[in-house]
Amino acid sequence: HILNSGGRDDIPWIAVESGHIVSVATLCRDDPKLQMDLLHCLFAVDYETSIQVVYILFSIALNKKAMLKVNLDPDDPRIPSVTSIWEAAEWYERETHDLFGVVFEGNSNLTPLILYDGFPGFPGRKNFPLHDYKEY
């Protein structure tokens with residue numbers, strides 16, 4: 001399930017297969033050695049050949065951080081939602097859906113958080129024609 005790892009002592013990361021994000025995130029939250037009880041942040045990065053979803057986790061009890069990274073196909077960016085693990089994920093997932101078009105399967109509320117309904121495209125992506133966009 002783990003594809004790669006790295007980082008520094010203060011914030012290690014592991015790359016995870018998208019289909020295993022829920023089980024790995026649950027392990028991070030529930031393992032007594034990790035206790036990652038807080039989803040500090042969730043965001044996406046467009047690398048053009050992939051869209052990477054990054055989860056920054058925090059253990060309040062242990063005062064430790066960690067990251068999970070998942071690379072998705074930019075033509076069909078889908079990943080299971082982690083809202084069943086951390087309720088705070090809902091807004092992060094909605095924002096990431098708005099800006100990058102990532103579909104978080106299992107999140108029943110992917111309505112726009114930042115953009116309006118029907119906004120054309122995904123302005124977080126590198127191929128979004130930002131200079132051509134006109135506000136009306």
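Q: How much space lies in the largest pocket, and what makes such a space a pocket?
A: The largest pocket holds about 210 Å³ of space. On a 1 Å grid over the protein atoms alone, a pocket is an open set of points where a 1.4 Å probe fits, with protein on both sides within 12 Å along at least five of seven lines. Grid points are joined across faces, edges and corners, and the volume is the space filled by probe spheres set on them. This is a predicted model, where local features need pLDDT of at least 70 and side-chain atom pairs pLDDT 80 or more, while totals for chains, interfaces and linings use all residues. Residues are numbered from 1 along each chain as its sequence is written, and side-chain values use heavy atoms, without hydrogens and water.

Q: What makes a residue part of the lining, and which are closest to the pocket's centre?
A: A lining residue has an atom within 4 Å of a point. There are 15 of them, and Pro-12, Cys-28, Leu-34, Met-36 and Ala-66 are the closest to the centre. By class, 12 are nonpolar, none is polar and three are charged. Here Ala, Val, Leu, Ile, Met, Phe, Trp, Tyr, Cys and Pro count as nonpolar, Asp, Glu, Lys and Arg as charged, and the others, Gly among them, as polar. E5 gives the most to this lining, with five residues.

Q: Why are E4 and E5 called paired strands?
A: Strands are DSSP runs of E with at least two residues, numbered from the N terminus. Two strands pair if DSSP finds at least two bridges between them. Nine bridges join the antiparallel E4 and E5, so these strands meet the definition. Ile-51, for instance, has Leu-72 in E5 as its bridge partner. E2 and E5, which run parallel, are joined by three bridges, and Ala-15 is bridged to Lys-69 in E5.

Q: Why does Ser-50 count as buried?
A: Buried means under 20% relative accessible area, exposed over 50%, and partly exposed in between (1.4 Å probe, protein chains only). Ser-50 has 13% relative accessibility, so it counts as buried. This serine sits in the loop between E3 and E4.

Q: What makes a set of residues a nonpolar core, and which members of the largest one touch the most others?
A: A nonpolar core is a set of buried Ala, Val, Leu, Ile, Met, Phe, Trp, Tyr and Cys residues joined through side-chain atoms within 4.5 Å. Of the 27 residues in the largest core, Tyr-55, Leu-57, Leu-68, Ile-79, Val-82, Val-102 and Phe-104 touch the most other members.

Terms used. Helix = DSSP H or I, 4+ residues; strand = E, 2+ residues; numbered from the N terminus.
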